[in-house]
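The structure comes first, then the conventions, then the comments.

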Amino acid sequence: METKIKNVMAAVFEMPVENINIDSSPDSIDNWDSLKHMNLIVALEEEFNIEFNDDEITEMMNFKLIVEIIKHKLQTDR
Amino acid sequence: MKTLSYPEILKLNNELGKSVKVKPYRISVISNITIHQIKEIIECSLRIENINAIVEIGDYDNIIQDSTKVADSNAVIIFWELCNIVEGLNYKIEQFEEDQINEIAEKICLEIGLTLKNLESSSLVIVNNFSSVIFPYLCKTQSNFDNLANILNKHLSNVAPKNVKLIDVNKVLCQIGIHKSIDLRYYFSSKALYTIDFFKEYSRFVKPLIMSANGKSKKAIIFDCDNTLWKGILGEDGFENIDMSAHSKSGIIFHEIQSLALALNKQGILLGLCSKNNLSDIEEVIRNHPDMLIREEYITIKKINWTDKATNIRQIAKELNIGLDSIVFVDDSPFEINLIKEQLPEVKVLQVPEKLYEYPQMLRSNLGLFYNLSLTKEDLVKSQIYKQQSKREELKSCFSNVEEYLSSLELKIHVFEDDSSLIPRLAQMTQKTNQFNLTTQRYTETDIEIFVNSDTSKVFAWSVSDKFGDNGITGLCIIKLNDKNAEIDTFLMSCRIIGRNIEFSVMDFLIDHLNKIDIDSITAKYLQTAKNAQVADFYKKCSFKILHENEKESKFSLELKNYKNKNINYIKLENGNKN
C-alpha cells in the first residue's frame with residue numbers, strides 16, 4: 001500500500017518515486033501547494049476507492065499521516 | 001481504449017510530455033471557478049494522439065482580463081460557470097425580482113461580448129453553454145436560474161463569431177450524471193465544482209475540435225459487409241436471407257448503421273467496402289437489394305476479394321491518396337480487427353459489438369473522429385471527385401508516357417487572389433493537407449481572414465479542372481510581403497491534383513505576379529513531417545537556391561530575375577477573380 005501511495009504522490013507532484021520518504025510534506029516538496037493537495041486527495045480516492053472527509057483532508061499533510069489515515073479507513077470500511 | 005484512472009493519467013501525461021516532440025499546441029483555459037485539474041486530463045488526451053498539448057490555466061475568476069492575454073494561444077477554452085457569475089447566485093437568484101435578473105443578464109451579456117471581442121483574432125475559442133441543471137429546482141420547469149441560463153445561451157449563440165465553438169455542457173453532465181460530475185466538498189472552500197470524471201468526459205467533447213484543428217480528423221470509413229452492413233452471410237445465407245430491413249428486429253440495426261454511414265458521406269467522409277466475398281454477389285446487393293441504402297453512387301472504393309484485409313486497406317489508402325491514420329475500419333470479426341490492429345496500427349478499428357443493439361450507439365459515440373471544424377462545398381461533392389480520380393487512373397494506363405497523358409486531360413487552373421468567399425475552404429485545406437504541404441502550418445478561418453485582409457500578405461488559391469470534371473479549390477499559397485522581399489508562408493495542394501505539374505504552372509504565375517508588384521526576391525521554407533517527403537525538392541526544382549539545410553527544415557531563396565519559367569503548354573491558367 002505504501003508503494004501505491006508513493007506512486008500516486010510521484011505522479012501528482014511530478015517527481016521520482018525514490019525522492020518520496022516518510023517525512024515528505026509540503027515543506028520538502030515545492031510542488032505541494034493547495035491546488036496540488038486537491039489533486040492528491042482525488043487521486044488517492046480514485047486509487048483506493050475511498051472518500052476522505054474534511055478533517056482527514058486537512059490532516060493529510062505528510063506521507064506518514066497519509067499512510068495512517070488510509071490504513072485506518074480501509075480497516076473501518078471493510 | 002479503457003478509461004484511465006486519474007493517477008494513471010497524471011503518470012502517463014508526465015511521460016508523454018517528455019516523449020512527444022512535435023511543435024507545442026498551446027491551450028489556455030480561462031474560468032470563473034477553480035478548474036486546474038482539467039490541465040493534465042486534456043493534455044493527456046491529446047498527447048496520446050501525438051499533439052504536444054500545453055494547457056495553461058488562467059487566474060481564478062478573471063475571464064475578461066485573461067482574455068486580453070491569451071489571444072495568441074492555439075486554442076482558448078472559456079469555462080464560464082453560471083453559479084459563480086455572482087457570488088452565491090445559484091441560491092440567491094430565486095428571491096430576486098425580474099429587473100434584478102435582467103440587470104445581471106445584461107451585465108454578463110456585455111462581458112461575453114467584450115471577451116469574445118478580445119479573442120476575435122484567436123484561432124479557436126471553445127465556450128461552454130451556461131447550465132442550470134447542477135442546481136435543480138425539480139418541481140419548476142422554469143426557475144429563475146433556468147431562465148437566466150436560457151437568456152445567456154441565446155445571447156451566446158447569437159453573438160458567437162466563426163472562431164467560437166460551443167460545447168453543450170448539459171450533454172457532458174448527462175453522459176455521466178450530475179452526482180458523478182460535481183464534488184461540493186471543494187466548492188465551498190475553493191470554488192472547485194467539478195470532479196475528475198467530469199473533466200474526463202469534457203475532454204472527450206473538446207478533443208474532436210482540437211484534432212480537427214491539427215489536421216487529424218478521419219477522412220474515410222471502410223466497412224466489412226456480412227454482419228457489419230447487414231445481418232447474415234451473403235455467400236451462405238443468400239441474397240434473399242440477408243437482413244437490413246427497417247421492419248425486422250435485427251435488420252433495423254443495420255438499417256440504422258447504413259443511415260449513419262450515409263450521413264457521414266453527406267459531410268464528405270468517403271465510404272468504402274472491404275469484404276471477403278465474390279464481387280458480383282456484393283454488386284448485386286448494392287444494385288438490387290430493396291433494403292440496401294448504401295448504393296453505388298455513395299461508395300468511393302470497393303475491395304471485394306479474397307486477399308487479406310491489411311493488404312486491401314493499404315491499397316485503399318494508396319488509391320485514395322490518404323494516410324492510413326485517416327481511415328476508420330469497421331468489421332464484426334475479431335480476427336480481422338486484430339489483424340488490422342497489429343499490421344496497421346495507424347488505422348482506427350471499430351468492432352461490431354457482441355450485443356448487436358449497442359452497435360449504432362457505438363458508431364455514434366465515435367462520430368467525433370470525423371469532426372470537421374469547417375465544412376465546405378468541396379466536402380459535399382467529395383465522393384464524386386474521388387470517383388473521377390479513378391477514371392483518370394484508368395485512362396493513365398492507356399498512354400505510354402505521363403506527359404502524353406497529361407496533355408490529353410485538358411487541364412485548366414483558375415487562380416483566385418485574396419478571395420474572402422473561399423476562407424472556410426482555405427482554412428480547411430491547411431488543417432487537412434499533409435502530403436503536398438511545404439510547411440504544414442494549420443490555420444483557422446480567423447487566421448486566413450487576417451491574411452486575406454492584410455496589405456502585407458497575399459493569399460492565392462486555385463481550382464483545377466480537366467475534361468472529367470472540376471476538382472474545386474485544391475491549392476493554396478500564402479505569401480508575406482516585406483518591402484522588396486516576399487516570403488512563402490504556405491504552399492499546399494490537395495492530394496487529388498498531385499502529379500500533374502500544376503504546382504509549376506502556379507509558380508510561373510506567382511513569380512510573374514510578384515514581379516509586377518516590384519518584388520525582387522523570395523524566401524521559402526520546407527519543414528519536414530512524417531508525410532511530406534515528396535515535396536522536399538520542390539523549391540530546388542523551381543530554381544530556388546538552398547540557404548541552409550538539415551534533417552528537419554531547409555531554407556531557400558530566389559532572386560526573381562534568376563527564375564526559369566516552366567511554360568507547361570498543356571495547362572491553361574486563368575484569373576479566377578470576378579473583376
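1. Helices (H or I, at least four residues) and strands (E, at least two) are taken as DSSP runs and numbered from the N terminus. The model is a predicted one, in which local features need pLDDT of at least 70, side-chain atom pairs count only at pLDDT 80 or more, and totals for chains, interfaces and linings use all residues. Residues are numbered from 1 along each chain as its sequence is written, while chains are lettered from A and ligands numbered from 1 in the order in which they are written.

2. Chain A has 4 helices and 0 strands, in the sequence pattern α-α-α-α. Its radius of gyration is 11 Å, close to the 12 Å that the globule rule gives for 78 residues, so chain A is as compact as a globular protein of that length. The radius is taken over C-alpha atoms, and the rule is 2.2 Å times the number of residues to the power 0.38. The C-alpha trace of chain A spans about 35 × 25 × 20 Å along its principal axes.

3. Of the 78 residues in chain A, 23% are buried. Here a residue is buried if 20 or more other C-beta atoms lie within 10 Å of its own, exposed if 12 or fewer, and partly exposed in between, with C-beta atoms placed from the backbone. Among the contacts in chain A with a separation of 6 or more, 55% are between residues 24 or more positions apart; a contact requires C-beta atoms, placed from the backbone, within 7 Å.

4. A:Glu14 lies in the loop between helix H1 (2-13) and helix H2 (34-48) of chain A. It is not a glycine, yet A:Glu14 has a positive phi of about 50°. With 14 other C-beta atoms within 10 Å, A:Glu14 is partly exposed. In chain B, B:Glu410 lies in the loop between helix H19 (402-408) and strand S11 (411-417), and has a positive phi of about 55° although it is not a glycine. B:Glu410 counts as partly exposed, with 13 C-beta neighbours inside 10 Å. Most residues other than glycine have a negative phi.

5. Which elements of chain B meet chain A? The contact involves 12 residues of chain B and 11 residues of chain A. On the chain B side, helix H1 (6-19) and helix H9 (185-190) are the elements that give two or more residues. H1(B) gives the most, with 5 residues. By class, this side of chain B has 6 nonpolar, 5 polar and 1 charged residues. Ala, Val, Leu, Ile, Met, Phe, Trp, Tyr, Cys and Pro count as nonpolar, Asp, Glu, Lys and Arg as charged, and the others, Gly among them, as polar.

6. Chain B contains an open sheet of 5 strands in the order S2-S1-S3-S4-S5, with parallel pairing. Strand S2 (52-60) and strand S5 (164-167) of chain B are at the edges with a single partner strand each, so one side of each has no neighbour in the sheet. Strands pair if DSSP finds at least two bridges between them. Strand S4 (residues 125-128) of chain B is joined to S5(B) by 4 bridges, and B:Val127 has B:Leu166 as its bridge partner in S5(B).

7. B:Ser457 is in strand S13 (residues 457-466) of chain B. B:Ser457 is partly exposed, with 18 other C-beta atoms within 10 Å.

Definitions and conventions:
Two residues are in contact if their C-beta atoms, placed from the backbone, lie within 7 Å.
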